[in-house]
Amino acid sequence: MSASSPQPGKIVIIGGGIAGLACAYRLQELFGSQPESSRPSVLLVESGNRLGGVIQTIREHECILECGPDSFITQKPAGVNLCHRLGITDRVVSTNEKFRRAFIAFRGKLHPVPEGFMMMAPGRWWPFVMSPLFSPIGKIRMAMDLFLPRRDNSGDESLADFVQRRLGQEALERIAQPLLGGVYTADPAKLSLRATMPRFLELEAKYGSVIKGLMSEQSENSVSRKESGARYGSFVSLDDGMQVLVDAIVAKLPSTAMRLNSAVLQVVPGSRGSEWDVVLESGERLSADVVVLATSAKVGAGLVSGADAALASELARVESASSAVINLMYNRDDIAHRLDGFGFVVPAVESSSLIACSFSSVKFAGRAPYGKVLLRAFIGGALNPHVCALDDDELLRLSRRDLRRYLGVSAEPIFTLVSRWPRSMPQYQVEHLDLVEKIASRLSSLPGLYVAGSAYRGVGIPDCIQSGEQAAESIYENITGSIKPVVY
Ligand SMILES: Cc1cc2nc3c(=O)[nH]c(=O)nc-3n(C[C@H](O)[C@H](O)[C@H](O)COP(=O)(O)OP(=O)(O)OC[C@H]3O[C@@H](n4cnc5c(N)ncnc54)[C@H](O)[C@@H]3O)c2cc1C
C-alpha cells in the first residue's frame, strides 16, 4: 500500500519478522537480474538481536521447541510457494496423519471436537448429535440455523453476534469462542467476522445456513469429513521447526542488507534530498527513498507520528493482544491422557488460565526424544491481558495446574521454556477492513511509504509473507513501471 514514488535508490525495511524478511527477499528476486548500478540498495533494520520476529525455534534437550508459531496453512499458497522458491520444499513436513483432531475442555474434562465440526457449526449430523459437549436444547438451537432467515444487510459483524444469531449462546461459549479465540487470542464480542472468517458469512449468503453450507462442502471433500476443529491436513511445518524458513531467507540475503540491534525511533520527511529519514535510537539517520513499516501497527504509528499524524492515528487503532507460550517436556508415562489428538482449547467459561495446549510431539514427528512428550501451553490473549506481567514461576504454576486438571499430569516437567509475546497478536475488530482501507488511502498520499505484516489483511504466516511480497511488488512497479506478481 502506497503512492507512486520517484526512482528510488535506497529502500529501508523496518522490522525483521517474516513480513519484513519476505519483502526483502522478494525485492532481491525482483531487482536481482538488473545491473548492480541500477539496483536500489535494500536495508532491513531490526530492533532485536535476532531475525524472525515471533517465529523462533530453539533446540534443547533433544527437543525442537517452538516459542511462537509451529505451523502454517497450505490453503493460502504464499507459505509453500516461498519454501519452493527458497529451495526448502523437501524440508516441509505434514502433521501426523493418525491423530488429526482436537479436544475442547468442558467442565474439567476433554471432549473431542465432533468429527466434521468446523469452528462453530457441525458439518456432519451423527458426531454432533452424539457429542456430550452440547445440551439437547443447545443442539436444537444450533440446528435452528437451518431454518433462520439470512441477514439482509451485508455489513460487518462480530463473531459473537454472528454465532449467537445463527447458532445460539452454547455454540459461542463452548466451541466458537475457544476455537477461534485460540487462533486470534481474541474477544469474540469485538472480533470482526469479515476480516477473520469471511467464509462463514459467505456460507450464510450462499446457502442461507452455515450448517447447510458446511455439509454441502464436506460431502464434496472426503478428507475434511474426518477432521474436526481446524483442517489439520492442510497445516505444515519445517523438519527442524519454523526457524528453518527464517534461516533460509536470511541465507539468501547479503549480510550487509540486514542490521540487528537497530531500533528505529522515527521516520521523518527526508532532510538530504531523499523522501524519508529513518532515525535510529542510536541517533544515526538513514536516508531512504522508500520505507516499509513491517512492525506492529502500534509501533508503526509511533514511528510516523511526527511525519503524518492522520496515518499515525489510524495505525494506532489496530489493537494487539499479548500471550505467553510455555513449552513443557514430560515422561510419556507421567501423563494419564491418551494424547490421541493435536491438543485442546479451553473456553473462557471454564475460568482456566490456559487458552489452549498443543501436543507438539504428537502433532509433528521428531519434536521430542523417544518416551518423552512435548506440550505447548498458551496463556493470555485479549480476555487475559496481563499475562506478560506474570513471572516465569507464576506462568508455570498456572500451566501445570491446568495440565493436571485436563491431562492428569502431576509429575514435575523434565524441562520447561517460557516465551512471552507482548502485543504481538493483532486484534481485527469489527470494521477492521474499513480501517485498513483508510490506512491504504492515507498511504497513497505519502510517496515511498509502505506497510506490511500481520496488522492488516491476515495474521497467519502465509498472509504476512504475502503482505511483505506485495509491498515489494508495489515498490518494483513504482520504480520500473512493470508488474511482476508472484504466481501462487
Ligand atoms: C504465540 C503466537 C503463535 C502463533 N502461531 C501461529 C501459527 O502456528 N501459524 C501461523 O500461521 N501464525 C501464527 N501466529 C501468527 C504469526 O506468527 C504472526 O502473525 C507473524 O509471524 C507476524 O509476522 P510479522 O512480520 O508481521 O511481525 P513480527 O513477527 O512481530 O515482526 C515484527 C518485527 O519488528 C521488529 N521491530 C519492532 N519495533 C521495531 C523498531 N522500532 N525498529 C526496528 N524493528 C522493530 C520486532 O522486533 C520484530 O522482529 C502466531 C503468533 C503468535 C504471537
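Let me begin with a definition: a residue is called buried if 20 or more other C-beta atoms lie within 10 Å of its own, exposed if 12 or fewer, and partly exposed in between, with C-beta atoms placed from the backbone. What I present is a predicted model, in which local features need pLDDT of at least 70, side-chain atom pairs count only at pLDDT 80 or more, and totals for chains, interfaces and linings use all residues. Residues are numbered from 1 along each chain as its sequence is written.

Six of the eight residues of H12 are buried, so the helix is mostly covered. The buried ones are Ala-297, Val-299, Gly-300, Ala-301, Leu-303 and Val-304. They pack against several elements, among them strand S1 (10-14), helix H13 (309-315) and strand S19 (415-426); contact here requires C-beta atoms, placed from the backbone, within 7 Å.

I turn now to the nonpolar cores. Such a core is a set of buried Ala, Val, Leu, Ile, Met, Phe, Trp, Tyr and Cys residues joined through C-beta atoms within 7 Å. The largest has 78 residues, and Ala-176, Phe-344 and Ile-379 touch the most other members. Domain 2 (57-99 + 320-425) and domain 3 (114-228) both contribute residues, so this core lies between them; the domain bounds come from an automatic or database domain assignment. A second, separate core of 68 residues includes Cys-83, Val-318, Tyr-450 and Ile-461.

Next, the ligand. Which residues come nearest to it? Of the 36 residues around the ligand, they are Gly-15, Gly-17, Gly-53, Pro-69 and Gly-453, where near means a C-beta atom, placed from the backbone, within 6 Å. Domain 1 (10-49 + 260-318 + 429-480) and domain 2 both give residues to this shell, so the ligand lies between them.

Finally, the strands, which pair if DSSP finds at least two bridges between them. An open sheet of three strands runs in the order S5-S9-S6, with antiparallel pairing. Strands S5 (72-73) and S6 (92-94) stand at its edges with a single partner strand each, so one side of each has no neighbour in the sheet. Elsewhere, S7 (residues 103-106) and S8 (residues 109-112) run antiparallel, joined by four bridges. These two strands form a hairpin with two residues between them, and Arg-107 in the turn has a positive phi of about 50 degrees.

How values were computed
Two residues are in contact if their C-beta atoms, placed from the backbone, lie within 7 Å.
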